[in-house]
Amino acid sequence: MGHDRYDAVVVGAGPAGSAAAMSMAQNNLSVALIERGEQPGSKNMFGGSLSRKPTAEAIPEFWKEAPLERAIVNEELWLMDKTSAVKVGFTGLEFNKSPYNKFSVIRSKFDPWFADQAVKAGAQLMTSTLVEELVYEKTGLLNKKVAGVELDSGEIIHADVVLLAEGASAALTQEAGLREEIKPSSLFLYVKEELGLPAEKIESRFNLEPGEGANIGMLGYPGSGIIGKGGIWTNQESISVVVGGYLNQIINKGVSPYQLLSRFKEHSLISRLLAGAEPIAYKAHTIPKGGYNEIPQLYGDGVLVAGDAAMMVTGRRGADLAILTGLYAAEVIAQARAAQDYSAEILKGYEKRIMNSFFMENIKEHKDRKEYYQNYSDSDFLLTKAANDAAYRFFKVGLQSKKDKMKTIRKDLFNMQPTDKLVSDLYHGLKNWGDF
Ligand SMILES: Cc1cc2nc3c(=O)[nH]c(=O)nc-3n(C[C@H](O)[C@H](O)[C@H](O)COP(=O)(O)OP(=O)(O)OC[C@H]3O[C@@H](n4cnc5c(N)ncnc54)[C@H](O)[C@@H]3O)c2cc1C
C-alpha cells in the first residue's frame with residue numbers, strides 16, 4: 001500500500017472513478033483509487049454498450065487498445081407479446097469503421113484495463129479495500145470538511161478532497177448527508193447471464209460479419225409484468241442476456257431475479273437466439289432510476305459525487321455519463337488545487353458544469369418518467385400488446401378489403417380498453433418512451 005496522504009481519494013474504480021483518477025493523475029495530483037472488489041469490474045456488470053465519443057474524451061482512440069467485444073452496427077427494439085414481436089431497428093455498417101459508435105463490452109475485462117490507465121498516469125490503485133466511512137476535519141466552530149476516508153482495515157487516508165464514485169447504492173454519499181436513502185422505487189434491479197457461443201454461430205445467428213455486433217432491447221411479455229426491459233448484446237464469443245425492472249415491483253410480485261431471467265430466456269423468440277449457448281457468468285446489479293428529481297447534492301466541503309452515485313443515468317446511457325462526470329469532477333478538483341481551496345464554494349463549479357451539460361437536458365426532459373410508470377404501471381404491456389395485435393391483423397391475409405381491414409384494426413384497438421384510458425396511455429406512453 002502507498003502512503004496515508006493524497007491530494008485526492010477516489011472511492012470506486014468503475015468508469016467514473018477511473019476516469020477521474022486518471023485525469024487528476026495526469027494533472028500531477030497524487031491520487032488514491034480505492035476499490036472494494038478483488039479487481040475493478042469484479043463486482044460490476046452492465047448490458048451493455050459503451051459509447052465511443054464520450055469515452056474518447058477520457059482516452060482518445062481507446063478502441064485501439066481497450067478490451068472491447070464488438071462494434072455495434074445493429075440496434076433493434078422488440079415490442080413483444082407471447083408468440084410475436086413488432087421490431088424496429090437500424091443497421092449502420094459505417095458504425096464498424098473507425099472512429100466507431102458503440103462497442104459491446106464485458107465489464108470484468110474493461111474495468112481493470114481502464115483502472116490500469118489511471119495507474120499508468122500515476123494513480124495508486126488499492127483493491128480488495130472497502131471505504132467504510134468519511135473522515136472530517138473542523139474548519140471553524142460549526143463547520144467541517146471531508147478530509148479523507150477510513151478503510152475496513154481501520155487505516156485512515158487523508159486527502160484534500162474525496163470523490164465518491166461508488167455506484168448506485170451510494171452509501172457514503174448518503175452518510176455524507178448529500179442524499180436521502182434511495183427507495184426501491186428509484187432503483188431498477190437487473191440480472192444478467194453471459195452465455196458462451198462460438199463467434200461464427202453468433203455471426204450467422206445475428207446476421208453479422210466478424211467484429212460487428214448487435215444489441216436488441218426487448219419490452220413487454222417476457223418481462224414478467226414488471227416495468228423494465230430486457231436486452232441481448234453480442235460479444236466476441238458470448239451473448240449477454242439482461243432483464244430487470246423496478247425493484248419495488250420485483251419485490252411486490254415476489255419474483256426472484258433468477259425466475260425473471262429464466263422466464264425471459266424461455267420466450268420462444270429469445271430461446272432460439274440462445275440455443276446451444278453455455279452459461280459463463282451470472283450477476284445482478286442495480287441502476288439508479290430516480291431521475292432529475294432525485295439527483296443528490298453533488299458537492300460539499302471537500303467532497304464530490306460522480307456517476308451512478310450522482311444519479312447520472314439517462315435511457316440506456318450510464319457508463320459514458322459516469323466517465324464524463326468523473327472528468328468534470330477532476331477538472332474542478334484541479335481548479336480547487338490551483339486555488340488551494342476545497343470548500344463547497346469552489347467545488348460548486350462541478351454542479352454548474354453538470355447542469356449545463358447535454359445529458360442533463362435529457363435527464364431533465366424525462367424527469368416525470370418515474371411518476372408516469374407509477375400511474376401507468378401496465379402501460380408498457382398494453383402498448384406492446386396493442387402493437388402486436390394490430391400487426392397480427394395487418395399481416396394476416398384475409399378476405400377483406402384493405403380499408404375494411406384497417407377499420408377492424410382500429411375498432412379492436414379501441415375495444416381493448418375504454419377510449420379515454422387508451423388515448424391517455426398512448427399519449428403518455430409515446431411521451432415517455434423517448435429513448436429505447
Ligand atoms: C443491467 C445493466 C445494463 C446497463 N447497460 C448499460 C449500457 O448498455 N450502456 C451504458 O452506458 N450504461 C449501462 N448501464 C449503466 C452503467 O453500468 C453504470 O451507469 C455505470 O457502471 C456507472 O459507473 P460508476 O463508475 O458510477 O459506478 P460503478 O460502475 O457501479 O462503479 C462503482 C465502483 O465502486 C465500488 N465501490 C462501491 N462502494 C465502495 C466502497 N465503499 N469502497 C470501495 N469501493 C466501493 C464498486 O465495487 C464499483 O466497482 C447498465 C447498468 C446495468 C445494471
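Helices (H or I, at least four residues) and strands (E, at least two) are DSSP runs, numbered from the N terminus. With that in hand, here's a quick tour. This is a predicted model, where local features need pLDDT of at least 70, side-chain atom pairs count only at pLDDT 80 or more, and totals for chains, interfaces and linings use all residues. Residues are numbered from 1 along each chain as its sequence is written, and side-chain values use heavy atoms, leaving out hydrogens and water.

**Domains**
- The domain assignment (bounds come from an automatic or database assignment) gives domain 1 (5-68 + 107-182 + 293-365), domain 2 (185-288) and domain 3 (376-432).
- Taken over C-alpha atoms, the centres of domain 1 and domain 3 are 46 Å apart.

**Asp-152**
- Look for Asp-152 in the loop between β9 (144-151) and β10 (156-164).
- Asp-152 counts as partly exposed because its relative accessibility is 42% (buried is under 20% relative accessible area, exposed over 50%, partly exposed in between, with a 1.4 Å probe and protein chains only).

**Phe-394**
- Phe-394 sits in helix α13 (residues 379-395).
- With 39% relative accessibility, Phe-394 counts as partly exposed.

**Ser-42**
- You'll find Ser-42 in the loop between β2 (31-34) and β3 (49-51).
- Ser-42 has 32% relative accessibility, so Ser-42 counts as partly exposed.
- Ser-42 and Pro-112 are 70 residues apart in sequence, and their C-alpha atoms are 8.7 Å apart in space.
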